[in-house]
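Hi,

Here is the structure I promised to pass on.

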Amino acid sequence: MIRRREIRYFEMPSPLGRLLVILSERGVLEIAFEGTAERNLWRLGRRIESELPPARVYGEPLEDELKKYFRADLSFFRAQPDLGLCAPFAAKVLTHLAELPPGRLTSYGELARETGKPRAARAVGQIVGSNPLPILIPCHRVTAGDGTLGGYSGGLARKR
């Protein structure tokens, strides 16, 4: 269980719309696109000890990293994900996806095989589709087996 005092957040503009970034003492919990932020805060509030909103932070190093990423000046994030609220298999899939080298694409089936569950492509697709850390964990680089774009929590226009 995460305690409220461990939670902080910041908002920032991006080329993909406003982002809400929620952090814990262990790392980044969520990156939410504009339009989903309120739902994400409500859902997160149900999973921690007390009500949100959390404390607003300023000068967060991840904000600078994200700005550099959007300028194409960064390909590797130093910020660490906090997958403590994810189910074990989801955390395994997302951890594996986070290790995908910059610029490389993968498929749901390939990701399922690489995580030891070759018949779980559909489950992997659901996990990737609900990735709480888009951008930081590159779910936008996962395609269907035939190379076409699958769903994306931020919408297909953002995935493109």
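First, the ground rules. This is a predicted model, so to speak of a local feature I need a pLDDT of at least 70, and side-chain atom pairs count only at pLDDT 80 or more, while totals for chains, interfaces and linings use all residues. Numbering starts from 1 along each chain as its sequence is written, and side-chain values use heavy atoms, with hydrogens and water left out.

On confidence: pLDDT is the predictor's own confidence in each residue, from 0 to 100. The protein chain averages 81, and 74% of the residues score at least 70. Helix α3 (residues 88–98) has the highest mean, 94, and helix α6 (residues 156–159) the lowest, 58. Where pLDDT is low, the predicted coordinates should not be read in detail.

On the fold: there are 6 helices and 6 strands in the protein chain. These are DSSP runs numbered from the N terminus, with helices being H or I over at least four residues and strands being E over at least two. In sequence order the pattern reads β-β-β-α-β-α-α-β-α-α-β-α. Taking a contact as heavy atoms within 4.5 Å, 55% of the contacts with a separation of 6 or more link residues 24 or more positions apart.

Buried means under 20% relative accessible area, exposed means over 50%, and partly exposed is in between (1.4 Å probe, protein chains only). The accessible surface comes to about 8800 Å², and carbon and sulfur atoms supply 51% of that. Those areas come from the Shrake-Rupley method with a 1.4 Å probe, and for residues only the protein chains shown count as cover.

The largest pocket has a volume of about 380 Å³. A pocket here is an open set of points on a 1 Å grid over the protein atoms alone, where a 1.4 Å probe fits, with protein on both sides within 12 Å along at least five of seven lines; lining residues have an atom within 4 Å of a point. Grid points are joined across faces, edges and corners, and the volume is the space filled by probe spheres set on the points. The lining has 18 residues, with Ser75, Phe76, Phe77, Ala98 and Leu136 nearest the centre. By class, the lining splits into 13 nonpolar, 3 polar and 2 charged. Nonpolar covers Ala, Val, Leu, Ile, Met, Phe, Trp, Tyr, Cys and Pro, charged covers Asp, Glu, Lys and Arg, and the others, Gly among them, are polar.

Now the single residues. Leu133 sits in the loop between α5 (121–129) and β6 (142–143), and it counts as buried because its relative accessibility is 0%. Its C-alpha is 7.1 Å from that of Leu29, 104 residues away along the chain. Leaving aside residues up to four places away in sequence, Leu133 touches Val28, Leu29, Glu30, Ile31, Pro81 and Leu83.

Ile135 is in the loop between α5 and β6, with a positive phi of about 80 degrees although it is not a glycine. Ile135 is buried, at 4% relative accessibility. Tyr69, in helix α2, touches Ile135 along with Leu74, Phe77 and His140, not counting residues up to four places away in sequence. Tyr69 is partly exposed, at 25%.

Ala72 also has a positive phi, about 65 degrees, without being a glycine. Ala72 lies in the loop between α2 (61–70) and α3 and is exposed, at 67%.

Last, Arg56 belongs to strand β4 (residues 55–56) and is partly exposed, at 30%. Arg56 and Arg8 are 48 residues apart in sequence, yet 5.6 Å apart from C-alpha to C-alpha.

Cheers
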